[in-house]
Amino acid sequence: MNRRGFGCALCALAAMRAAGAQTLSEFVEPGHRPPPDTDEGGLWGLMDRAERDLKTSRFVVRDRALNAYLREVVCRLGKDHCPDLRLYVVRTPQFNASMAPNGMMQVWTGLLLRCVDEAQLAAILGHEMGHYLRRHTLERYRDARDKSNFGAFLSLGLAVAGVGLAGTVANLALLASTFAYSREQEHEADRIGLELMAKAGYTRIAAAEVWEQLIAELAAGTVERSQSVLFATHPEPEERLGALRAAAAQAGGAEERGLERHRTGLAAVRELIVRDELSLRQYGRSEVVFDRLLAQAPGDGLLWYGKGEVYRLRAEPGDLARAMEAYARALESREAPPDTHRSIVMVELKQGDKARAQAALDAYLRAKPDAADAGALRMLLEQ
Amino acid sequence: MIKLSALLFAVALVAGCAAYTLVAPQRQNVADVISVEPGMKWNKMSQSAYEGHVEVWTLDGLTLNTLVFFTGVPDGEPLFVPRFADKARMEKPPVFRSTMNPLEIQELLHATVARFFRTTLAEERNLRAVSIAGGRGFRFETRVVGRDEVERAGVFVGTVAGGKLYGAWFQGARLHYFERYLPEFERIVASAQLTGEAARK
């Protein structure tokens, strides 16, 4: 796993708890653009350069419907600051979001998959906006400079020099990690995020849910808790979860979740991000992710397909039967991807039933006449 | 300054890890299990970023072209993992199973590549049966865009013998380097024989 990227994801989750309200007068003004001859202007210049590279990256997802949907959420949260914020969806299956001081936001597709509804997504985006509104990166930059922290400057210099040479997205992650936020800043971003959520009408409990879900997912993985970046760099997560729930309970108020809107907004890329998740082959974690999503959408054919693939690819005793059950559930839905039939071919071949495999292949080719792997499947059937 | 020193040391360490040995254009033993006859001078890496039952050759450097030989991946082992990564912090890698069919091996390479190169832009196509090293094998084409945004084209050729995976995967930058050296890769594949413990009974 990309440790840096994951660390950034944690920025979005760390220490979410409510406390005193932040007055808007302390936020950066809408339309803010620092003079280029200031330290802040210099910082913006660096980020503008990184953003130019990001714009042309092959990893950026440019689907219009998805980007329009996310823009709506950003504007609903950011209101007057909306024109100053630009969101890029990066096709990377891990959970991550980040915010640069010039208003460039990154959301990774793994985060989109893991947000059950729009309120959970808003919890992350609101937190990231908190960093922007309070100019946390500039604060860290000045802090590093005042402390003569040459290491931080060196890291920044290397990162900027590398942009365009060693990979846009990787270097953006490096840039982000150069300015890891302080614990106080994370708390402040959480407070602001929760406030933005409430003002926009989202239920605040969603912030606690995201944290809870991540804890449950990591527990199903193969990385020891003591080795996990999450648990190594943050206090007891259970304690934090309790604080978040308490904050949400005190807040009361808004209830909106936006489950259907979220599902519709992601429709064009759902299959893509499910496939990318499966490529990680983190079977236990993916199973948790699909189960959670299926709890909200029990008839979702794509999710049942994904769950079936987890079992087929893991291939432990009993998994092929589990996979077939999941594929059967998928095929009960109109949304089952044609590849469900392909997967059935693979399982039937594994079980030595060529007649059933042939029938599944026929169904696959009816559902996907131009399947690129038709020849390969026929080859397997003939062997 | 301490960080600067540490950085320079790290750079030197990584650079020093990649020791090259010249491979002459004559019949060569690869890990004593594969015999091939290259037509050009290659460079064999003693400790590449690829960790596993592999041997790695290159002509112009790993970023431009890479030839990975699979020298008998046993059941339960990954195809390869990143050598210089903190594995304790990574999810367990997917592994090869001796019962896998060629399409499953293709899927395994896809997942291995996705993790190794940290990319979502990888695809494989045109899987077909071929004859290799005097036995039945398979072959498919690959395309990978790494975090450096460079697109690399490739060909994977493999066979399972005695429950182990043997094969070769050539990758080159799609612009120029792949097509230029593809005939050399085909020559190597055509010359391949399994030897030693891998020799077909």
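Reader: How many bridges join β7(B) to β12(B), and what makes them a pair?

Author: There are 8, and the two strands run antiparallel. Strands pair if DSSP finds at least two bridges between them, so the 8 bridges of β7(B) and β12(B) qualify. One example is Val73(B), which sits opposite Leu165(B) in β12(B). This is a predicted model, where local features need pLDDT of at least 70 and side-chain atom pairs count only at pLDDT 80 or more, while totals for chains, interfaces and linings use all residues. Residues are numbered from 1 along each chain as its sequence is written, and chains are lettered from A and ligands numbered from 1 in the order in which they are written.

Reader: What does β12(B) pair with in the antiparallel sense over 10 bridges?

Author: That partner is β11 of chain B (residues 151–161), with β12 covering residues 164–173. Within this pair, Thr159(B) has Tyr166(B) as its bridge partner. The two strands make a hairpin with 2 residues between them, and Gly162(B) in the turn has a positive phi of about 60 degrees.

Reader: Why is β12(B) called mostly covered?

Author: Because 9 of its 10 residues are buried, where buried means 20 or more other C-beta atoms within 10 Å of a residue's own (exposed is 12 or fewer, partly exposed lies in between, and C-beta atoms are placed from the backbone). Across the 201 residues of chain B, 41% count as buried.

Reader: Where does β12(B) sit in the order of its open sheet?

Author: The order in chain B is β1-β4-β6-β7-β12-β11-β10-β9, which puts β12 between β7 and β11 in a sheet of 8 strands with antiparallel pairing. What makes β1 (20–23) and β9 (122–132) of chain B edge strands is that each pairs on one side only.

Reader: Which helix lies across β7, β9, β11 and β12 of chain B?

Author: Helix α3 (residues 177–191) of chain B does, running at about 155 degrees to β12(B). Contact here means C-beta atoms, placed from the backbone, within 7 Å of each other.

Reader: Why do β2 and β13 of chain B stand at the edges?

Author: They belong to an open sheet of 3 strands in chain B, ordered β2-β3-β13 with antiparallel pairing. β2 (28–30) and β13 (193–194) of chain B each have a single partner strand, so one side of each lacks a neighbour in the sheet. β3 (residues 34–36) of chain B and β13(B) pair over 2 bridges, with Ile34(B) opposite Leu194(B).

Reader: How do you know whether the radius of gyration of chain B agrees with a compact globule?

Author: The globule rule is 2.2 Å times the number of residues to the power 0.38, with the radius taken over C-alpha atoms. For 201 residues that comes to near 17 Å, and chain B has 17 Å, so the value agrees. The C-alpha atoms of chain B fill a box of roughly 60 × 35 × 35 Å along the principal axes. Among contacts in chain B between residues at least 6 apart in sequence, 49% join residues at least 24 apart.

Note on methods:
Two residues are in contact if their C-beta atoms, placed from the backbone, lie within 7 Å. Helices (H or I, at least four residues) and strands (E, at least two) are DSSP runs, numbered from the N terminus. Axes are lines fitted to C-alpha atoms, for helices over the stretch in contact, and angles run from 0 to 180 degrees between N-to-C directions.
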